[in-house]
Amino acid sequence: MEDDSATHKEVSAQELKELRDKAERFDRLTHYVPALLYDYIIDADGKSHCLYCNDYSLILLGVPPEAFMADMDHFWKMIHPDDLQQFRERDLRVNRDEDTFFMDTRVLLETGQEKWIRVSSTRTPSRGDEPVIWSGYMIDISETKRLETLLREQATHDALTGLGNRHDFQRHFREELSRRDRYQRASAVLLLDLDHFKKVNDRYGHDAGDFVLKRVSQLIQDQLRAVDVPARWGGEEFCILLPETGLEEALAAAERIRAGLAREPLDYQEGEIPITVSIGVTTLRPDDHRIEDVIKRADAALYRAKREGRNRVAHD
């Protein structure tokens with residue numbers, strides 16, 4: 001009999017053990033790593049077919065791997081409707097022109113839960129006429145996205161009142177300057193200051209002062225349009241941008257806010273805290289290019305309102 005050792009190399013016990021150890025490590029990795037690992041191909045008709053999917057699919061997406069391997073439409077149907085078009089376009093572009101797919105997207109689980117996941121896959125070299133295999137992973141990045149949103153909120157919003165801060169207001173102001181230059185429409189800025197606010201802290205305590213600032217913020221927003229931009233300017237001062245608003249309209253809006261706050265004291269614990277506000281009003285001028293100039297005029301009008309007795313509106 002012809003010796004076929006050249007074509008069928010005998011595997012030693014040691015080599016067999018190493019192969020089995022590698023297989024066990026791979027199985028352990030795919031079982032315990034907190035990621036959905038997968039392989040898939042795309043046929044001539046452009047339909048995706050899952051070749052491999054680990055058990056983590058059940059933890060990440062609530063779907064067993066067998067379901068994805070039977071029909072990858074299970075995954076496509078889970079993509080958030082607002083993200084689906086972008087995901088499809090990205091997928092088509094990568095399959096046609098690139099070697100790596102990478103995208104963060106939202107998915108909706110059957111339970112109704114929404115998750116952010118990161119999807120990444122890489123094209124592996126094909127052999128001859130064999131179809132190209134894409135290998136990739138999906139991971140849960142919901143907490144990362146939550147923290148990103150929180151950091152953005154902290155960077156642009158006042159922690160106590162939830163209103164925009166100075167930085168956020170300045171951004172909106174620059175955008176409004178661009179609209180003014182383009183459309184030649186009027187806009188206005190209101191600067192508000194709570195009257196005798198120090199007495200609130202001295203008499204009722206700082207917790208009461210925080211309560212007043214939050215309630216005043218809510219009451220201000222109740223009097224504004226969706227396009228208006230309120231912000232906490234600092235301390236007990238608030239600033240409001242009123243797009244496409246002339247002087248008469250701005251004075252009317254300021255008076256609504258003033259009257260609304262003066263009308264009823266704020267209920268706090270078992271008592272009431274009376275609150276009034278003084279408001280300075282100015283409109284944007286053709287030569288306004290810096291927010292500092294506009295705020296300076298509104299501030300001058302505000303302090304004229306205070307000098308004239310507080311709880312009133314004045315304009316520059």
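**Aromatic rings**

Trp-76 has a relative accessibility of 14%, so this residue counts as buried, the cut-off being under 20%. Please keep in mind that the model is a predicted one. A search through the whole structure turns up seven aromatic pairs, and Trp-76 belongs to one of the pairs described below.

*A stacked pair*

- The ring centres of Tyr-40 and Trp-134 are 6.4 Å apart and the ring planes meet at 15°, so this pair is stacked.
- Tyr-40 sits in strand β1 (residues 36–42) and Trp-134 in strand β5 (residues 133–140), so the pair ties together parts that are 94 residues apart in sequence.
- Both Tyr-40 and Trp-134 are buried.

*An edge-to-face pair and its cluster*

- Trp-76 and Phe-87 make an edge-to-face aromatic pair, with 5.4 Å from centre to centre and 85° between the planes.
- This pair links distant parts of the chain, 11 residues apart: Trp-76 is in helix α4 (residues 73–76), while Phe-87 is in helix α5 (residues 81–97).
- Phe-87 has a relative accessible area of 3%, so Phe-87 is buried.
- One aromatic cluster is formed by Phe-75, Trp-76, Phe-87 and Phe-101.

**Charges over rings**

- Look for Lys-145, whose charged end sits over the ring of Trp-116, at 4.7 Å from the ring centre.
- Arg-185 has its charged end over the ring of Tyr-183, and here the distance to the ring centre is 4.9 Å.

*Lys-115*

- You can find Lys-115 in strand β4 (residues 114–124).
- Is Lys-115 buried or exposed? Its relative accessible area is 9%, so Lys-115 is buried.
- Leaving aside neighbours within four places in sequence, the residues in contact with Lys-115 include Thr-105, Arg-106, Val-107, Leu-109, Asp-140 and Ser-142.

*Ser-120*

- Ser-120 also belongs to strand β4.
- With a relative accessible area of 9%, Ser-120 is buried.
- A polar atom of the Ser-120 side chain is 3.3 Å from the backbone oxygen of Phe-101, and Phe-101 is also one of the members of the aromatic cluster.
- If residues up to four places away in sequence are not counted, Ser-120 touches Tyr-38, Phe-101, Phe-102, Ser-135, Gly-136 and Tyr-137.

**A pair of packed helices**

- Two packed helices are described by the angle between their axes and the distance between the axes.
- Helix α8 (residues 197–204) packs with helix α9 (residues 206–222) at an angle of about 135°, and their axes are 6 Å apart.

**Loops to look at**

- Most residues other than glycine have a negative phi.
- Arg-310 has a positive value, with phi near 65°.
- Arg-310 lies in the loop between α11 (291–307) and β12 (313–315).
- With a relative accessible area of 30%, Arg-310 is partly exposed.
- Asn-311 has a positive phi too, near 55°.
- The loop between α11 and β12 also holds Asn-311, which is partly exposed with a relative accessible area of 27%.

*Between β4 and β5*

- Gly-128 is located in the loop between β4 and β5.
- The relative accessible area of Gly-128 is 70%, so Gly-128 is exposed.
- How many residues apart in sequence are Gly-128 and Val-63? They are 65 residues apart, and their C-alpha atoms are 34 Å apart in space.

Technical notes:
Residues are numbered from 1 along each chain as its sequence is written. This is a predicted model: local features need pLDDT of at least 70, side-chain atom pairs count only at pLDDT 80 or more; totals for chains, interfaces and linings use all residues. Side-chain values use heavy atoms; hydrogens and water are left out. Rings of Phe, Tyr and Trp (its six-membered ring) pair if their centres lie within 6.5 Å; planes under 30 degrees apart count as stacked, over 60 as edge-to-face and the rest as tilted. Helices (H or I, at least four residues) and strands (E, at least two) are DSSP runs, numbered from the N terminus. Buried means under 20% relative accessible area, exposed over 50%, partly exposed in between (1.4 Å probe, protein chains only). A charge sits over a ring if NZ of Lys or CZ of Arg is within 6 Å of the ring centre and within 35 degrees of the ring normal. Contact means heavy atoms within 4.5 Å. Axes are lines fitted to C-alpha atoms, for helices over the stretch in contact, and angles run from 0 to 180 degrees between N-to-C directions. A polar contact is a pair of N or O atoms within 3.5 Å; within protein, one must be able to donate a hydrogen and the other to accept it, and residues adjacent in sequence count only if both atoms are side-chain atoms.
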